[in-house]
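Please read it alongside the model.

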Amino acid sequence: MKNWEKYYQYKKDWFNFTGYVPHRGQEAVHFPEKHANNRVYVCGRRFGKTLGASKELEVTLSMPETRSWIVAPNHSLTDLVFREVWKTCVHKKSMDIRSKSNRKGEKYLETAWGSTLHAKSAENPDSLIGEGLDKVVIDEAARMKGLIWDELLQPTLADRRGEGIFITTPKGYNWIYDKFLDGQKQPDWYSFQAPSWVNQH
């Protein structure tokens, strides 16, 4: 079982190191009220979910021998989060990156300590089959089909007890709404919603 207090302190240290100061809505993303591996965040536009998601991935990438994915409905949307991680890890040289690619359809980072981050598109479900993961961030989850999570992504997290983070703008009463309700009552799920105006920036 994860030592959540130690993990949260590690996050704070990473945020300080990279100069990131989350607003109070992003604080709920990074330090939820309930410890849960699966977390659903339904947020308004301009909330700052892209930056918050990138910081979640940076934290895991900075640890030794971890595997993480960004998954979005298409390659263009994966680029939004990946670009922020690239900015911190490559442009600002906050990590020792051994191998990297920023080409469409082939976006990844690999650190000198053996951790990897890949950007994946839900347009190609076959690419979502495979290795066990420590973290997957599902961006604009409400725009995907539920089977992407149920049949492809959830199994990749099982072996390593990885984190599944859903960050999305609302889109009616679909499967992500059901997962949001799980976050209100299931022990291994947490959910949170916030309007755009909580971003004071």
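Buried means under 20% relative accessible area, exposed means over 50%, and partly exposed lies in between (1.4 Å probe, protein chains only). This is a predicted model, in which local features need pLDDT of at least 70, side-chain atom pairs count only at pLDDT 80 or more, and totals for chains, interfaces and linings use all residues. Residues are numbered from 1 along each chain as its sequence is written, and side-chain values use heavy atoms, with hydrogens and water left out. Helices (H or I, at least four residues) and strands (E, at least two) are DSSP runs, numbered from the N terminus.

**Helix H3**

- Helix H3 covers residues 49-61. Its 13 residues should span 18 Å at 1.5 Å a residue, and the end C-alpha atoms are 18 Å apart, which agrees. The expected span is 1.5 Å times one less than the number of residues.
- H3 is mostly covered, with 11 of its 13 residues buried.
- Among the buried residues of H3 are Lys-49, Gly-52, Glu-56 and Val-59.

**H3 against H4**

- Two packed helices are described by the angle between their axes and the distance between the axes. Axes are lines fitted to C-alpha atoms, for helices over the stretch in contact, and angles run from 0 to 180 degrees between N-to-C directions.
- The axes of H3 and helix H4 (residues 75-91) come within 8 Å and cross at roughly 55°.
- H3 and H4 are therefore oblique to each other. Angles under 35 degrees count as roughly parallel, over 145 as roughly antiparallel, 65 to 115 as roughly perpendicular and the rest as oblique.
- The H3 and H4 crossing is right-handed: the near helix is turned clockwise from the far one by less than a right angle.
- On the H3 side, the contact includes Thr-50, Leu-51, Ala-53 and Leu-57. H4 contributes Leu-80, Val-81, Glu-84, Val-85, Thr-88 and Cys-89. Contact means heavy atoms within 4.5 Å.
- The residues of this contact divide into eight nonpolar, three polar and three charged. Ala, Val, Leu, Ile, Met, Phe, Trp, Tyr, Cys and Pro count as nonpolar, Asp, Glu, Lys and Arg as charged, and the others, Gly among them, as polar.

**H3 against H1**

- Helix H1 (residues 4-18) packs on H3 at an angle of about 105°, with the axes 10 Å apart.
- That makes H1 roughly perpendicular to H3.
- Tyr-7, Tyr-10, Lys-11, Trp-14, Phe-15 and Thr-18 in H1 meet Lys-55, Glu-56, Glu-58, Val-59 and Thr-60 in H3.
- Five nonpolar, two polar and four charged residues make up the contact of H1 with H3.

- Thr-66 lies in the loop between H3 and strand S2 (67-72). Thr-66 is buried, at 6% relative accessible area.
- Beyond its neighbours within four places in sequence, Thr-66 contacts residues including Thr-60, Leu-61, Asp-134 and Arg-160.
- Ala-119 sits in strand S5 (residues 116-121). With 9% relative accessibility, Ala-119 counts as buried.
- Leaving aside neighbours within four places in sequence, Ala-119 touches Ile-70, Thr-78, Phe-82 and Lys-107.
- Ala-119 and Ala-72 are 47 residues apart along the chain, with their C-alpha atoms separated by 8.2 Å.

**Positive phi in loops**

- Lys-93 is not a glycine, yet has a positive phi of about 55°. Lys-93 is in the loop between H4 and strand S3 (97-103) and is exposed, at 69% relative accessible area.
- Arg-161, also a residue other than glycine, has a positive phi near 50°. Arg-161 lies in the loop between helix H5 (146-158) and strand S7 (163-168). At 53% relative accessibility, Arg-161 counts as exposed.
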